[in-house]
Amino acid sequence: MLRTLAPFAIAGALLALPASAGPLDPPAGPIAPTLKSLALVEPRTAVNQANTPGDADSVFRITEPGSYYLVASLAGEVGKSGIEIAADGVALDLGGFTLSGGAGSLHGVSVKPDCSNVAITDGRFTAWDGDCINAASNNYNVRIERIQIRFSSQFSFSAGGIRVTDGALIRGCQVIAAGAVGISVGDYSIIESCDVAGGLNGGIIAGSGCVITDCATIAASDTGIRTFNSATISGCTALSNLGSGIQTGSGSSVTNCAASENSDAGIAVGAGSSVENCSAWGNGDSGITTGFESSVLNCSAMQNGFDGFVVTSGVIAGCSAWLNMHRGMSAGDGSLIARCTAQGNTADGISVGSNGTIRGCTSLGNDNGIVGVSAVLVNDCSVAENRSDGINVGTSSSVLACLAHDNAGDGIEIGTGSSARGNTCESNATDLVGGAGIRAAGDNGLIEDNYTSNNRSGIRAVGINNLIVRNRASANLANYSIGAGNRDAQIIVDPASGFVSTDPMANYSY
Amino acid sequence: MPIRAASCCLLAAFFSTQSLAGPLAPPAGPVTETGRFGPRTEINAQNTPGNASSTFLITQPGSYYLTGNLTGEAGKNGIRVAAVGVTIDLNGFALLGVPGSLNGIDSSNEVRVFNGTVRNWGEDGIDAFSASGAMEFRQITATFNGGTGIQAGSGAIVESCTVRGNGQSGIVTGNSSVIRGCTARDNASVGILANFGSVIAGNSSYSNDSHGIEAVTGDCVIVNNNVHANVGNGIIVDSDCLVRDNNCSVNGFTSGNGAGILVTGSDNRIESNNVTDNDRGIDVNATVNFIVRNSASGNGVNFDIVNGNAVGQRFDFSGGGDIVHFNNGPGEWSNFEY
């Protein structure tokens, strides 16, 4: 009995519960969609013949501002660009598709003159006879991102990969074998995180005031990265380019860059520039060169085909120059070279022009260790095992508190009107006739308070009117070789223990 | 940003598949560079293989060049020239000797060598003394060689060279040579030595362990040189020389015994030289010489001239004073002490 009554009881109970859903009747009126329209889902305009028909010189042509996207790869046509942008305010998403030019084609994407505020992103280009992207006619505020270009106009000296005028932003692009120049931008542009390989006229060429960051250029047939004035280049590498690695105009800054195996200079900057924390290795010409009034800080130059560093005038500090095929570092008149090392260079280690200062440097195994033309100040330096002189300065110069040992030539040689004070010179010129720990090669010099030992001659004065006082010379082949006409103080020979001298200017020999 | 090594491979792969230019296969024969003066041959083991006595041997006329430093071998010359008409461009590089090595460059034929360094060879830096003809040595630095820095035969031109620290002389040439614009210093023997008929002009020779300049067999022109602090004489000439407009100072340095200018023969013209602070200023030990218009100061003896020479009247202005030409006063041929 309970079994047959239970279903009816349950049904009744359910019917007694309040209603929980809405009415089943549909609302009045025509049936309307409840989903988002295609236009809302994809508000952009597809690039096709219907929306963006081409003209005589373009496959597709965009004439209205807006956002556009490619829906398929594009094949070029003879005498035409792929996509022509003839309006301001156009964003073109290439959708990851490839634009292939073919023989006789023009540009991949061509931005008509005076059209600005254009963005081109996310596409691939190949085999165009013109530029892959050309926005080079008063097209401002152009942004190009995530573009890949391969083997396009690759034997052309006029067409290239990306060519844009002033104020461009190029980011995350890769350009391989793209004709004349991989990426070419006008003034005040930014290039970030791009790779460029090849380029018959250069890898990256930029105008004035540009910022180039985290880029790499390789195997360009000219300079890897070349800019005009006031450029900032950081975090870039330039490898195996047939010109210089990195070359800038005046007033530029190059930091944290590496330039290797380029055929010309590694890094060459114009006047008033700075190079900091960079390396230049194995370049065909000099490692790092600058124009007037420039600074090179904390850099290294190794095994370059000419000088390691060449500064027309300015500062070289905290740098090292190793095994370069000419001088280690060379700075022009009025320059400062401080805290540097030069070792194993084929010619002189450190060379400065007139009115220069060399301070706190080490020079080993070069031709001359340190060379100064005239009116040069050399302080607190160490020179050893050089194949000629340790320190050689011309007229009106000062060599102070330096250590010179085991140089094949003189330890220190000074010219007319120069001074050598407080230096230590050991084991120099041991096989050099006429060599000395300290040589006064000119007249009217001052040799004071130096210590010489185990040199060919300790102190040798071949000029006249040199004042030679308060020196100590020991175990040299000849402690003092002083020519007639010099003004050398009394030489006290072999002073015994407890000796007394009343001459505060006396020289000592023992 | 890492270098995209694959880019290089792709570039290389692509270019190798295209036939857009001429044939890639090089022409037969040794690799030659087409330089400014026509094809040149790189000096290397393939083009100029050596033999038992030379690291490299040149057996064909032509123009040759270095592409890097050359390190010598014991018992060998660096480059041996065994052909006439050879030009060697050291290209700014160095021939580096090692202990026991022979000459840096050894030639018995006329040769031209320029633009580089030759150093630390056991014998001469360059030995072409047995050669004759159109030889030229320009812009060479020859230092610390065991023998002579540069030895050239007759008819040589040695110009703009630096020779220092060589175990014998700095520069030695045969007859009828020109030595011009060179620096010779700290050599163990004579700085510059030339045989008869030579011109020695515009050089600096100092701190050599013997004479600064020596015209060993006379008939030379020695003009406009600066000769300083040599242990021996500044300039020493035999006969038939013109020695003019030189500056000779501090010769006979320290323990040496030297004159600014020493004349040992006849028929020399010694004119318009300035000699200062030497053991002797102008020292003439022979007769029939013409000595005029010289100035001397601070020498042990300013003029030490034997009788039998034509000597401009000497005037002593060591106390200062005006040099005024008047009867019995200084004339255009006079020599002066001051």
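On chain A's side, A:Phe155, A:Val433 and A:Val462 supply 18% of the area that chain A buries against chain B, more than any other three residues.

Quick housekeeping. This is a predicted model, where local features need pLDDT of at least 70 and side-chain atom pairs count only at pLDDT 80 or more, while totals for chains, interfaces and linings use all residues. Residues are numbered from 1 along each chain as its sequence is written, chains are lettered from A and ligands numbered from 1 in the order in which they are written, and side-chain values use heavy atoms, with hydrogens and water left out.

Back to the interface. How many residues does the contact take from each chain? It takes 41 from chain A and 30 from chain B, with contact meaning heavy atoms within 4.5 Å.

Now the charged pairs. A salt bridge is a side-chain nitrogen of Lys or Arg within 4 Å of a carboxyl oxygen of Asp or Glu. There are five of them between chain A and chain B. One to look at joins B:Arg164 to A:Asp389, with the closest N and O atoms 2.7 Å apart. By class, the side of chain A that touches chain B has 18 nonpolar, 13 polar and 10 charged residues. For those classes, Ala, Val, Leu, Ile, Met, Phe, Trp, Tyr, Cys and Pro count as nonpolar, Asp, Glu, Lys and Arg as charged, and the others, Gly among them, as polar.

Over all chains, the salt bridge count comes to 35. Another one is B:Arg138 with B:Glu159, their closest N and O atoms being 2.1 Å apart. B:Arg138 sits in strand 12 (residues 126-143) of chain B and B:Glu159 in strand 13 (residues 150-159), so this pair ties together parts that are 21 residues apart in sequence. B:Arg138 is partly exposed at 26%, whereas B:Glu159 is buried at 18%.

Buried or partly exposed: what is B:Glu271? B:Glu271 is buried, at 6% relative accessibility, and B:Arg269 is partly exposed, at 32%.

Zooming out, chain B has one helix and 36 strands. Those are DSSP runs numbered from the N terminus: helices are H or I with at least four residues, strands are E with at least two. Of the 338 residues in chain B, 54% are buried.

Last stop, two loop residues in chain A. A:Asn256 has a phi near 55 degrees, a positive value in a residue other than glycine, and lies between strand 26 (253-255) and strand 27 (258-260). A:Glu293, with phi near 50 degrees, is in the loop between strand 31 (288-290) and strand 32 (294-297). A:Asn256 is partly exposed at 48%, while A:Glu293 is exposed at 60%.

Key:
Buried < 20%, exposed > 50% of the residue type's maximum accessible area, 1.4 Å probe, protein only. Buried area = accessible area lost by both parts, 1.4 Å probe.
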